[in-house]
Amino acid sequence: MASKLSCDFYRQPTLDVAKTLIGKKFVHRNSKGKLSGRIVEVEAYIGEDDPACHARFGMTGRNSVMYGDGGHLYVYFIYGMYNMLNFVTEDEGVPAAVLIRAIEPLEGISEMQANRACIDERQLCSGPGKLCQAFGIKVSDTGKSLTGAEFSVVDDGIQPGQIVARTRIGIRQGRDLLWRFYDSESKFVSRK
DNA sequence: ATAACGATCCAG
DNA sequence: TGGATCGTTATG
């Protein structure tokens, strides 16, 4: 029996949320139908003292949703062409989020292939920019609920493989923190 | 007002 | 390994 993760789940400490998200099913319903996939890789970004977190300069126009209640989307645009999907965590006032870095496609694969102009299922969502393109997620989705009809995460009882902690990818500062988590047995992660 | 840069991706 | 490409943020 599958159950949707509640907003209370996202209000927990970010590292706990990040690890627990591995193996869960992300679901997005749009006008064309249903897209879903298993989360296999994430990274945590926590607070104003995390030098890689967008909250490192305090609250700004872009990151304000990170300061809000957990259980909402934070999508931002980077490198002039890519969108990044985050789940806001912790209680209101604590700026933190989990970056979704890789997903194993489950439902709506043909639509993802069309969105990405790519056939290989292993390369459809194996990166934060790729999965946003596959799911059609954009900045205007920022602030939407993760417990609504459009976006949700489901625990379908499937157990992930071994979850490992590594350093985060693509950052210059904060490299020492082991805040990247992924299923070491999954072939859908961005890289090992 | 302006310039530097970034939680990336893909081609070569 | 380098280039694409542009919104965000800091700095003058």
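The legends below describe close-up views of a predicted model.

Local features are reported where pLDDT is at least 70 and side-chain atom pairs only at pLDDT 80 or more, whereas totals for chains, interfaces and linings use all residues of this predicted model. Residues are numbered from 1 along each chain as its sequence is written, and chains are lettered from A and ligands numbered from 1 in the order in which they are written.

**View 1. Helix α4 and its surroundings.**
Helix α4 covers residues 128–135; helices (H or I, at least four residues) and strands (E, at least two) are DSSP runs, numbered from the N terminus. Because 7 of its 8 residues are buried, α4 is largely enclosed by the rest of the structure. A residue is buried if 20 or more other C-beta atoms lie within 10 Å of its own, exposed if 12 or fewer, and partly exposed in between, with C-beta atoms placed from the backbone. The buried residues of α4 are P128, K130, L131, C132, Q133, A134 and F135. Their cover includes strands β2 (25–30), β3, β5 and β6, together with helix α3. Just after α4, G136 takes a positive phi of about 70°.

**View 2. The crossing of helices α3 and α4.**
The axis of α3 (residues 109–116) comes within 7 Å of the axis of α4, and the two cross at roughly 115°. This makes α3 roughly perpendicular to α4, and the crossing is right-handed. Residues M112, N115 and R116 of α3 meet K130, Q133 and A134 of α4. The residues of this contact divide into 2 nonpolar, 2 polar and 2 charged.
Axes are lines fitted to C-alpha atoms, for helices over the stretch in contact, and angles run from 0 to 180 degrees between N-to-C directions. Angles under 35 degrees count as roughly parallel, over 145 as roughly antiparallel, 65 to 115 as roughly perpendicular and the rest as oblique. A crossing is right-handed if the near helix is turned clockwise from the far one by less than a right angle, and left-handed if anticlockwise. Residues are in contact if their C-beta atoms, placed from the backbone, lie within 7 Å.

**View 3. Helix α2 and the elements that cover it.**
In helix α2 (residues 14–21), the buried residues are T14, V17, A18, T20 and L21. What covers them includes α1 (7–10) and the strands β3 (33–46), β6 (96–107), β7 (151–155) and β9 (180–183). Just after α2, G23 has a positive phi of about 95°.

Of the 21 residues around DNA strand B, Y45, L99, G127, G129 and G170 come nearest; a residue is near a strand if its C-beta atom, placed from the backbone, lies within 6 Å of it. The elements giving two or more residues to this surface are β5 (82–88), β6 and α4. By class, the surface has 12 nonpolar, 7 polar and 2 charged residues. Here Ala, Val, Leu, Ile, Met, Phe, Trp, Tyr, Cys and Pro count as nonpolar, Asp, Glu, Lys and Arg as charged, and the others, Gly among them, as polar.
Y45 is found in strand β3 and counts as buried, with 27 C-beta neighbours inside 10 Å. Not counting residues up to four places away in sequence, Y45 touches D50, A52, C53, H54, A96, A97 and L99.

Y79 is found in the loop between β4 (73–78) and β5, and is exposed, with 8 other C-beta atoms within 10 Å. Although it is not a glycine, Y79 has a positive phi of about 55°.

**View 4. I100 in strand β6.**
I100 lies in strand β6 and counts as buried, with 27 C-beta neighbours inside 10 Å. Leaving aside neighbours within four places in sequence, I100 is in contact with I39, V42, L85, N86, F87, P128 and L131.

Definitions and conventions
Two residues are in contact if their C-beta atoms, placed from the backbone, lie within 7 Å.
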